[in-house]
Amino acid sequence: MRAMIMEKTGGPEVLRLAEVPTPEPGPGQVLIRVACAGVNPADWKDREGMLAIYAPYRFPYILGFDAAGVVERVGPGVESPRPGDRVFTPGNHGQSAWGSYAEFMVADADRTAAMPAAMSFAAAASIPVAALTGWQALFDRGGLRAGQRIMIHGGSGGLGSFAVQFARWAGAAVAATCSTANVDYVRGLGAERVIDYRLEDIAEAIRAWAPDGLDMLVDAVGASTLPGGLNMVRPRGAYVSIPTLTDDGNIEASFAAAEARQVCRIFSTMSDVACGGSLATIAGLIARGHVTLPPMRTLPLEQAAQAHIAIQTGHVRGKIVLNVAEV
Ligand SMILES: NC(=O)c1ccc[n+]([C@@H]2O[C@H](COP(=O)([O-])OP(=O)(O)OC[C@H]3O[C@@H](n4cnc5c(N)ncnc54)[C@H](OP(=O)(O)O)[C@@H]3O)[C@@H](O)[C@H]2O)c1
C-alpha cells in the first residue's frame, strides 16, 4: 500500500511516501480502506518522537490517529461493521499500530462508528480525536451538568470547537478564550462570554462572569498560558487539563494545590478503547444539527509535511484533513 512513512523521528522532512505491506486485521479488528486522515497536534509531537513515553518507535512508522473510509475486510469474530460500511475511527495508532496516513489501516471494530449518511469522508476524519477528547473531558471525567458555568481555554481549535458546542448542548453556560481573529467564530459556536486572551485579563473576565467561581475549567492550551487557572474554579468544582506533552506544568504540585482548595483536579487523556459508542453518539448530534463541524482545510496526503507545519503553529481554526485516496 501507499503510505506516508518515517524511518526516523524528526522535523517535517522525515515524512516520505513509500510502498509498504498492507496490514492484516487480527481477531476483533477491521481493515479500513482510508479515504481521509485527520491531522491532530499529536501528529507532529509523534513525528518528533514525543510518544516514546508510551511505547518505543519501530520503523518504518506511519503516523495518524483519525481516519474515515470503507471497511475492506474484517478479522475473526467481527460481526459489525461489515465490508463496504463507511466508518470513522481514531484507530489503533495509540497502541503503536500503523496510523491513518496510509491507504489501509487496521482498527479494533469497537473503535469504529458508522458515518452519518450525508457526511463526507473528510468531515468524518476531522472528528475522532478532537471530539472524543472533548466529550470525555466534559462528561466522562468532568461530569458536566446542565446549568453549570464552564470555561474552555482554547475555544477555537479542533478540540475547543467541539467542547464549546458539547457544553452548550448539555445546557451549560460557556465562556471560552481565543485570539482576536477568532472571537466571532467562537461566539458562533455558542459561547456566551468570549474572552480575547490577547486583549483581556482572563481571570478578571471570569471573576465578572462567574463571581462564585467556575463549576468547571477545561484547559486545552497549556499550563503556562493560564497561570491563575486554579483560582478561577469554585471549591468542589472541576479543573480539567488536556495533557499536551509540551506545556503541562508540574502535575504533582498542581494536584496538591487543587486539593488544598478542594478542587477536583483532572488530567484527561483521550481513551480510544471501545470508543465506538461515544463516536456514534457524537455522530448522532452532528447528524441532527446539534453540533456543527469546525471549518476544515483539506490537503493531499503528499502535503502532510505542510499540514504539520500549519498545525505546529498552534493557531489553526478548526481542523486539517489529508485526502489519502479515492475510495
Ligand atoms: N492528551 C490527549 O489525549 C490530547 C487529545 C487531544 C488534544 N490534545 C492536546 O490538546 C491541545 C489542543 O488540541 P487541538 O486539537 O484543539 O489543537 P489545535 O486545533 O491546534 O488548536 C489549538 C488552539 O489553541 C488556541 N490557542 C493557542 N494559544 C492560546 C492561548 N494562549 N490562549 C487561548 N487559546 C490559545 C488557538 O487559538 P487562537 O489561534 O485563537 O489563539 C488554536 O485554535 C494540543 O496540545 C493537543 O496536543 C491532547
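**The shell around the ligand**

A: The model is predicted: local features need pLDDT of at least 70 and side-chain atom pairs pLDDT 80 or more, while totals for chains, interfaces and linings use all residues. Residues are numbered from 1 along each chain as its sequence is written.

Of the 31 residues around the ligand (C-beta atom, placed from the backbone, within 6 Å), Gly 157, Gly 158, Leu 159, Ser 179 and His 315 come nearest. Helix 1 (41-47), helix 3, helix 4 and strand 10 (173-178) each give two or more residues to this shell (DSSP runs numbered from the N terminus: helices H or I, at least four residues; strands E, at least two).

Domain 1 (2-127 + 293-323) and domain 2 (130-267) each supply at least three residues of the shell; their bounds come from an automatic or database assignment. The C-alpha centres of domain 1 and domain 2 lie 28 Å apart. Ten residues of domain 1 are in contact with ten of domain 2 (C-beta atoms, placed from the backbone, within 7 Å). The side of domain 1 that touches domain 2 has five nonpolar, two polar and three charged residues.

How values were computed
Contact = placed C-beta atoms within 7 Å. Nonpolar A, V, L, I, M, F, W, Y, C, P; charged D, E, K, R; others polar.
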